Amino acid sequence: MTTSSAAAIAPRWRLVASEGDTVVITTLDADLDVTDVQRRSRENWWDADEAGTRWVWSDTNRWYPGILDARSVVARCHDLRLTHAILRRSALVTDPDALRTATQWDVAATEEVPPVTVPTLFDVEGTVPAGVPDDPDEVLAEFRRQQQAVRSSSEAARLRLLVAAESAGALLAVEMHSAGLPWDRGTHEHILEETLGTRPPPGEQPERVREAAARVREALQDPTANLDSQPKLLRSLHRVGIAADSTNRWELAEYDHPAIAPLLAYKKLTRLMSANGWGWLDE
């Protein structure tokens, strides 16, 4: 490789952080030493010519939407929040103490999501963590902690693959949320009617769900059995000798009773109705 071609290769790591109204971009070499620090305006920090590098930032949900708005994409990133959650708990990390001490990175999605009447597939609004550190010193310190944890592990290659996949998934999730999911309403309605029956009035169950529920109650010999309350359903199951501790389908499948098959069918249909049914389609 010639000197000129080597110089043209993007740096291995570029850390992105906030400093007031400025975006601070810190370049690291393979030994994690700082080789360059740039300060750019928040409105124009992203340069598409730098797309070949691996960007390191506090949270993909925070930084990536702006890049997509600039009509560009990122090929590789390192999400510090997601990686921290993996490494601090991983049995493959030899000494996780430094990561576990950095409790400022133990942040889940904290912003409240407005309640919805029917759950939908892409309920992701309001999930950007508000407390994840984003200043240059914290971002650099956490990245070095994570790299030390990975490099000191006897399973370093496995950990690198795991955290890279997690960060890639974060990029895909933001891209899907930005672009939406192409789908044909008529096709979806046909699938729902074929599987569940005609769309019912608000507050009522579709035909196939009612039929499955009737078969369960008949097998339980309990016409008033509440199939949507786990404690009440378990009591109905116990009365006919199904000594299950939960309504998990894997546990229910262990029992040989006429109520099991229709109950599993009922659970599958109601899950489809709530997660991907007409409410989801309208949303």
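Start with what sits over helix H2: the cover on its buried residues includes strands S1 (13–19), S2 (22–28), S4 (54–57) and S5 (77–79), along with helix H6 (156–179). Keep in mind that this is a predicted model.

So which residues of H2 are being covered? H2 runs over residues 60–69, and its buried residues are Thr60, Trp63, Tyr64, Ile67 and Leu68. They span an arc of only 135° around the axis, which means they sit on the same side of H2. The two ends of the helix are worth a look too. At the start of H2, a side-chain oxygen of aspartate 59 comes to within 2.9 Å of the backbone nitrogen of asparagine 61. After H2 comes arginine 71, and its phi is positive, near 60°.

Now move along to helices H3 and H5. H3 covers residues 80–87, and it packs against H5 at an angle of about 40°, with the two axes 11 Å apart. That angle makes H3 oblique to H5. The crossing, as H3 passes H5, is left-handed. On the H3 side, the contact is made by Leu80, Thr83, His84 and Leu87, while H5 brings Val139, Glu142, Phe143, Gln146, Ala149 and Val150.

Glutamine 146 lies in H5, which spans residues 136–151. Is glutamine 146 buried or exposed? Its relative accessible area is 0%, so glutamine 146 counts as buried. Where does its side chain go? It reaches the backbone oxygen of leucine 80, at 3.0 Å. In sequence, glutamine 146 and leucine 80 are 66 residues apart, yet their C-alpha atoms are 8.2 Å apart in space. Setting aside neighbours within four places in sequence, glutamine 146 is in contact with His78, Leu80, Thr83, His84, Leu87 and Leu99.

Finally, there's another helix pair to look at, H8 (residues 207–220) and H11 (residues 260–276). Their axes come within 8 Å and cross at roughly 155°. Angles over 145 degrees count as roughly antiparallel, and H8 and H11 are therefore roughly antiparallel to each other. As H8 passes H11, the crossing is left-handed. If you want to pick out this contact in the viewer, select Arg208, Val209, Ala212, Ala213, Arg215 and Val216 in H8, which meet Pro262, Leu263, Tyr266, Leu269 and Thr270 in H11.

Notes. Residues numbered from 1 in each chain as written. Predicted model: local features only at pLDDT ≥ 70, side-chain atom pairs only at ≥ 80, totals over all residues. Heavy atoms only, no water. Buried < 20%, exposed > 50% of the residue type's maximum accessible area, 1.4 Å probe, protein only. Helix = DSSP H or I, 4+ residues; strand = E, 2+ residues; numbered from the N terminus. Arc of directions from axis to C-beta. Contact = heavy atoms within 4.5 Å. Polar contact = N/O pair within 3.5 Å; in protein donor to acceptor, adjacent residues only side chain to side chain. Axes fitted to C-alpha atoms, helices over the stretch in contact; angles between N-to-C directions. Parallel < 35°, antiparallel > 145°, perpendicular 65-115°, else oblique. Left-handed = near helix turned anticlockwise from the far one by under 90°.
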